[in-house]
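Subject: Structure for you to look at

Hello,

Please find the structure below, followed by notes on what was found in it.

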Amino acid sequence: MKSIQKIAVYTSGGDAPGMNAAIRAVVRTGLYKGKQMVGIVQGYQGMIDKNFLDMDARSVCNIIQHGGTMLKTARCQEFRTPEGREKAYKNLVEKGIDALVAIGGDGTFTGAELLSKEFGIPVIGIPGTIDNDLHGTDFTIGYDTANNTVIEAIDKIRDTAASHDRIFFVEVMGRDSGSIALWAGIAGGAEAVLLPEKDTAIEDLITKLEQGYDSNKTSSIVIIAEGDKNGGAYNVAKRVKEKLQFYDIKVTILGHLQRGGNPSSFDRVLASRLGYGAVNALLNGETRKMVGLKNNKVQLTDLSEAINHSTFKLEEDLLEMANVLTI
Ligand code: ATP
């Protein structure tokens with residue numbers, strides 16, 4: 001394999017708090033090891049448009065505390081085509097880039113793996129997504145911050161729910177992943193949690209809410225992941241209202257505020273460890289791997305394994321516990 005002199009880093013897919021801390025760690029680790037560092041603006045779109053930034057240690061000053069991504073992110077259809085990826089690769093060669101660090105979620109890793117397989121360029125992925133849906137890491141960058149944002153909102157909703165004896169249906173992000181919903185449900189003491197990975201019969205939810213009412217609960221919070229198969233918080237609320245007409249029912253959709261905000265200290269440290277680990281992995285000759293944190297150790301997993309959706313990532317034991325703790 002050709003020795004690596006110039007490494008490019010990019011963020012792609014949905015933004016996540018902590019991506020900046022990861023960019024900073026990648027750039028500074030590469031510079032420390034004597035490599036030239038490049039930032040690609042707007043992910044794969046930037047590769048195709050030659051949107052490259054030469055980075056020095058000062059380019060990443062004062063960003064560790066900010067949400068979003070200084071390199072911007074984009075969803076790029078053209079990169080999904082072989083022609084688009086060829087154009088991107090030619091631009092990387094023209095810029096003298098020998099290796100890539102991709103920060104993003106499963107889509108980003110799918111694109112990175114294809115590019116690496118087709119053209120042989122080494123690539124290491126860093127899990128940056130609030131969804132926490134990748135295998136090979138206990139946590140993805142942004143998940144902890146998003147959970148803290150959600151829980152702050154739920155605490156506020158709980159105040160008003162308790163004052164008015166209401167049921168609140170709170171919809172959180174997670175099209176395919178119920179990770180945020182499950183943690184928010186546990187940390188917020190929610191009466192029920194509805195997840196994309198599990199079919200929940202509305203009748204069972206109604207029974208649970210009735211049991212709560214019978215045991216003198218005056219207010220309840222139900223957390224619903226946006227990808228739950230019952231069709232989102234408004235739909236669930238409508239169906240529950242048909243059966244429990246005596247309850248005052250409200251819906252809150254938390255939406256994109258879950259993506260923003262200053263990263264938590266956990267996400268900043270995680271991002272720093274994974275950024276540092278990604279560059280070291282590349283320089284040790286690794287490729288097509290994701291760097292993740294397992295049992296508090298930085299470790300590598302094949303990209304193809306990291307994005308494997310056939311295995312269930314959600315912690316079943318937590319779901320079981322959540323049900324017990326809400327009697
Ligand atoms: P998040 O989990 O936050 O949504 P993500 O990385 O999964 O992040 P996507 O929009 O799925 O976000 O993917 C980001 C980009 O990766 C896409 O816009 C596209 O350019 C590229 N990509 C995704 N899937 C593929 C694919 N099958 N082939 C080539 N490129 C892809």
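In which loop is Asn-132 found? Asn-132 is in the loop between β5 (123-127) and α5 (143-164). Helices (H or I, at least four residues) and strands (E, at least two) are DSSP runs, numbered from the N terminus. The model is predicted, so local features need pLDDT of at least 70 and side-chain atom pairs count only at pLDDT 80 or more, while totals for chains, interfaces and linings use all residues. Residues are numbered from 1 along each chain as its sequence is written, and side-chain values use heavy atoms, with hydrogens and water left out.

Asn-132 has a relative accessible area of 4% and is therefore buried (buried is under 20%, exposed is over 50%, partly exposed is in between, with a 1.4 Å probe and protein chains only). A polar atom of the Asn-132 side chain lies 3.0 Å from the backbone nitrogen of Thr-140. A polar contact is a pair of N or O atoms within 3.5 Å; within protein, one must be able to donate a hydrogen and the other to accept it, and residues adjacent in sequence count only if both atoms are side-chain atoms.

Next, the ligand. There are 18 residues around the ligand, and the closest are Arg-75, Cys-76, Asp-106, Gly-107 and Thr-108 (a residue is near if one of its heavy atoms lies within 4 Å). Helix α4 (residues 106-119) gives the most to this shell, six residues. By class, the shell has four nonpolar, nine polar and five charged residues (Ala, Val, Leu, Ile, Met, Phe, Trp, Tyr, Cys and Pro count as nonpolar, Asp, Glu, Lys and Arg as charged, and the others, Gly among them, as polar).

The side chain of Asp-106 has an N or O atom 2.7 Å from an oxygen atom of the ligand. For Gly-105, a backbone N or O atom is 2.9 Å from a ligand oxygen atom. In the side chain of Arg-80, an N or O atom is 3.3 Å from a nitrogen atom of the ligand. Taken alone, the ligand exposes 630 Å², and the protein buries 87% of that (areas by the Shrake-Rupley method with a 1.4 Å probe).

Two residues remain, both about phi. Most residues other than glycine have a negative phi. Gln-42 is not a glycine, yet its phi is positive, near 70 degrees. Gln-42 is in the loop between β2 (36-40) and α2 (43-49). Asn-216, also not a glycine, has a positive phi of about 70 degrees. Asn-216 lies between α7 (202-214) and β8 (220-225), in the loop, and counts as exposed because its relative accessibility is 67%.

Regards
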